[in-house]
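Try each task yourself before reading its solution.

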Amino acid sequence: MLQAFGALRVSPGARAFYDAQRARGCAHNEALRNLASRLVGILHGCLKTRTRYDEAIAWGHRENIPQSDAAA
C-alpha cells in the first residue's frame with residue numbers, strides 16, 4: 001500500500017483514480033487498497049506483455065486525467 005500512497009504524488013492517473021474512489025464514498029484506506037490493486041493489475045499487464053510502464057497507456061482510458069511532464 002505504500003507504493004499506492006507514493007503514486008498519488010507522482011501519477012496524475014493514480015490521483016484521478018483515487019479521487020474517483022473517494023467521490024464514490026470509499027474511505028481513505030479502501031480507496032488506497034483499490035488503487036494498490038489497480039497498480040498490481042497494471043504491473044501484471046506490463047510483465048505479461050513485456051512492455052514498460054507508460055502513464056498514458058495505463059490510465060489513458062480514463063477521462064479528464066491531466067497529463068504530466070513524464071507522460072509527454
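**Exercise 1. Find how many aromatic pairs this predicted model has, and describe the geometry**.

Solution. Start with the count, which comes to one aromatic pair. The partners are Phe17 and Trp59, with 5.9 Å from centre to centre and 50° between the planes. Next, classify the angle: planes under 30 degrees apart would be stacked and those over 60 edge-to-face, so this pair is tilted. Phe17 belongs to helix 2 and Trp59 to helix 4, so the pair ties together parts that are 42 residues apart in sequence.

**Exercise 2. Decide whether Phe17 and Trp59 are buried or exposed**.

Solution. The cut-off you need is that buried means under 20% relative accessible area. Phe17 has 10% relative accessibility, so it counts as buried. Trp59, at 2%, counts as buried too. Now look at the face of the Trp59 ring: Arg38 lies over it, at 5.5 Å from the ring centre.

**Exercise 3. Work out which elements build the largest nonpolar core**.

Solution. Begin with the core itself, which has 15 residues; Tyr18, Leu35 and Trp59 have the most contacts inside it. Two or more residues come from each of helix 1 (2–10), helix 2 (12–23), helix 3 (28–49) and helix 4 (55–59). Helix 3 supplies the largest share, six residues. Then take Leu35 and list its neighbours, leaving out residues up to four places away in sequence: Leu35 touches Ala4, Leu8, Ala14, Phe17, Tyr18 and Trp59. As background, nonpolar side chains in soluble globular proteins tend to be buried together.

**Exercise 4. Describe helix 2, from its span to its packing**.

Solution. First check the span: helix 2 has 12 residues and reaches 16 Å from its first C-alpha to its last, close to the 16 Å expected at 1.5 Å a residue. Next, pick out the buried residues, which are Pro12, Gly13, Ala14, Phe17, Tyr18 and Gln21. These buried residues pack against helix 1, helix 3 and helix 4. Last, step just past the end of helix 2, where Gly25 takes a positive phi of about 105°.

Terms used. Residues are numbered from 1 along each chain as its sequence is written. This is a predicted model: local features need pLDDT of at least 70, side-chain atom pairs count only at pLDDT 80 or more; totals for chains, interfaces and linings use all residues. Side-chain values use heavy atoms; hydrogens and water are left out. A nonpolar core is a set of buried Ala, Val, Leu, Ile, Met, Phe, Trp, Tyr and Cys residues joined through side-chain atoms within 4.5 Å. Buried means under 20% relative accessible area, exposed over 50%, partly exposed in between (1.4 Å probe, protein chains only). Helices (H or I, at least four residues) and strands (E, at least two) are DSSP runs, numbered from the N terminus. Contact means heavy atoms within 4.5 Å. Rings of Phe, Tyr and Trp (its six-membered ring) pair if their centres lie within 6.5 Å; planes under 30 degrees apart count as stacked, over 60 as edge-to-face and the rest as tilted. A charge sits over a ring if NZ of Lys or CZ of Arg is within 6 Å of the ring centre and within 35 degrees of the ring normal. The expected span of a helix is 1.5 Å times one less than its number of residues.
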